[in-house]
Amino acid sequence: MNQPKKKSELDLGAIPFKSSKEYKTGDWGVAHPKIDHSKCTKCTLCHFFCPEGAIKVREDGYTEVDYNYCKGCGICASECPVKCIEMIMKK
Amino acid sequence: MSELSLKELAKKPDLLCPGARLCAGCDEAIIVRLVLKATRGPTIVTNATGCLEVATSSFPYTAWDVPWIHSAFENTAATASGIEAAIKAMKKRKEGPLSTFEKIDVLAFAGDGGTYDIGFQALSGAIERGHDFTYVLLDNEAYMNTGIQRSGATPFTASTTTSPAGKVISGKMETKKPIDEIIIAHGLPYFATLNAAWPLDVVKKTRKSIEIEGPTFLHAIVPCSRGWRYPAEKTIEISRLAVQTCVFPLYEVNYQNGRPIYKLSSPSLSIAKRPESKRPIEDYLKSQGRFNHLFRPEKNVKLLEQIQESVNLKWEILLDKCGF
């Protein structure tokens, strides 16, 4: 019979070791948002409603889309209180 | 707390990284991001099998910037109690990797399958033992990950792949399990319902539940564009409708002197004060493809009335509990 393993000899199990930041999901969508900063009121709601966390808040308070990760769901455009986000079809 | 304003929270980095393979417009990711923004510092997350687990940990990638343990479908709450017990034991002995931290937040995420059906006994046991953890139920009202099968959380008349609407039945013919009442009956220190359409409300309730010692339960409604059959950009709109039609009221429950104290949160409180602002249930059902059979080929007035009556009754019972 096999000897029981010591704690240090146990397998660790499956450990995902790379950050998903390396996995760019930006090519999933068919349309991408474009933010019109002239109408933006800096409410930052689009940052909170983005499922991907692809909308970042800049130092100056305006938001900015990271197109490497945006999946193009369109929540930001439909929820913007002043409607300053427009979904533009990719070419 | 000045820390908990949208402006300050926006500066806090996300602990759920981008690049996860959740569907576009997934509400689960919004809730999880908001919940993680409410954590105080070192956090350990445990996650039941489900959409969230599958999509955030496709080998070799992980979307979590916090220590994260995947457990089987049925034992998220058991894993969370194990984590909490390990922290306690290491602190007592003053040895081990977790002994040096002053406080560690333990969060458990599970879907409705992992809470209503499969994981229920582990959850009930963990709450009874009084472990200090926060359990977040991400309720998308069916087993979405495996292909939209009905669960204990699926509402009356919703069409799923195992309760398809047709000539014989109009979707699921049983009602949704009253998980809120069941959990509150355990006498746990804090219970609240969450809705992503009110982000600050989500963060504030989560912070409160983390700060409270003992088991706390958060019930989040999570619309699913694939399973509920609606276009991805309407996620927040439908989430909001769930509160405006009183299908999913926002409230919190505290236990004081052994008595549950119910308190409505502001979005539901304004409906309680102005009952005319309550929207008819049809608005909510019409926006989702899973209820299409109630409106096509002709309107099923009988079933719609039945649904409206049951929603009204539940809302009135809740108002009674809140002292209205």
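Student: How much of chain A is buried?
Tutor: Buried residues make up 31% of its 91 residues. Buried means 20 or more other C-beta atoms within 10 Å of a residue's own, with C-beta atoms placed from the backbone; 12 or fewer is exposed, and in between is partly exposed. The model is predicted: local features need pLDDT of at least 70, side-chain atom pairs count only at pLDDT 80 or more, and totals for chains, interfaces and linings use all residues. Residues are numbered from 1 along each chain as its sequence is written, while chains are lettered from A and ligands numbered from 1 in the order in which they are written.

Student: And what share of chain B is buried?
Tutor: 50% of the 324 residues in chain B.

Student: What radius of gyration does chain A have?
Tutor: Chain A has 21 Å, but a compact globule of 91 residues would be near 12 Å. The radius is taken over C-alpha atoms, and the globule rule is 2.2 Å times the number of residues to the power 0.38. The C-alpha trace of chain A spans about 75 × 30 × 20 Å along its principal axes.

Student: What about chain B's radius of gyration?
Tutor: That one agrees with the rule: chain B has 20 Å, and a compact globule with 324 residues would be near 20 Å. Its C-alpha trace spans about 70 × 45 × 40 Å along the principal axes.

Student: What is the strand order in chain B's open sheet?
Tutor: It has eight strands in the order β3-β1-β4-β5-β7-β6-β8-β9, with mixed pairing. Strands pair if DSSP finds at least two bridges between them. β3 (68-70) and β9 (259-264) of chain B stand at the edges; each has a single partner strand, so one side of each is left without a neighbour in the sheet.

Student: How do β8(B) and β9(B) pair, parallel or antiparallel?
Tutor: Antiparallel, over six bridges. Asn254(B) stands opposite Ile261(B) in β9(B).

Student: Now β5(B). How many of its residues are buried?
Tutor: Six of six. Thr134(B), Val136(B) and Leu138(B) point one way, and Tyr135(B), Leu137(B) and Asp139(B) the other. β5(B) runs parallel to β4(B), joined by five bridges, with Leu107(B) opposite Thr134(B). On β7(B) there are six bridges, again in the parallel sense, and Val136(B) stands opposite Leu218(B).

Student: Which residues have the most contacts inside the largest nonpolar core?
Tutor: Ile31(B) and Val136(B), in a core of 85 residues. Helix α2 (residues 27-37) of chain B gives the most to this core, with seven residues. A nonpolar core is a set of buried Ala, Val, Leu, Ile, Met, Phe, Trp, Tyr and Cys residues joined through C-beta atoms within 7 Å.

Student: What does Val136(B) touch, beyond four places in sequence?
Tutor: Val35(B), Leu107(B), Ala108(B), Phe109(B), Leu218(B) and Ala220(B). Contact here means C-beta atoms, placed from the backbone, within 7 Å.

Student: Last topic, the interface. How many residues does each chain put in?
Tutor: Chain B gives 31 residues and chain A gives 32. In chain B, the elements giving two or more residues are α1 (6-11), α2, β2 (61-62) and α9 (235-244).

Student: What classes are on chain B's side?
Tutor: 19 nonpolar, five polar and seven charged residues. Nonpolar covers Ala, Val, Leu, Ile, Met, Phe, Trp, Tyr, Cys and Pro; charged is Asp, Glu, Lys and Arg; the others, Gly among them, are polar.

Student: How many bridges join β1(A) to β2(B)?
Tutor: Two bridges, with the strands running parallel. Ser19(A) has Thr62(B) as its bridge partner in β2(B).

How values were computed: Helices (H or I, at least four residues) and strands (E, at least two) are DSSP runs, numbered from the N terminus. Two residues are in contact if their C-beta atoms, placed from the backbone, lie within 7 Å.
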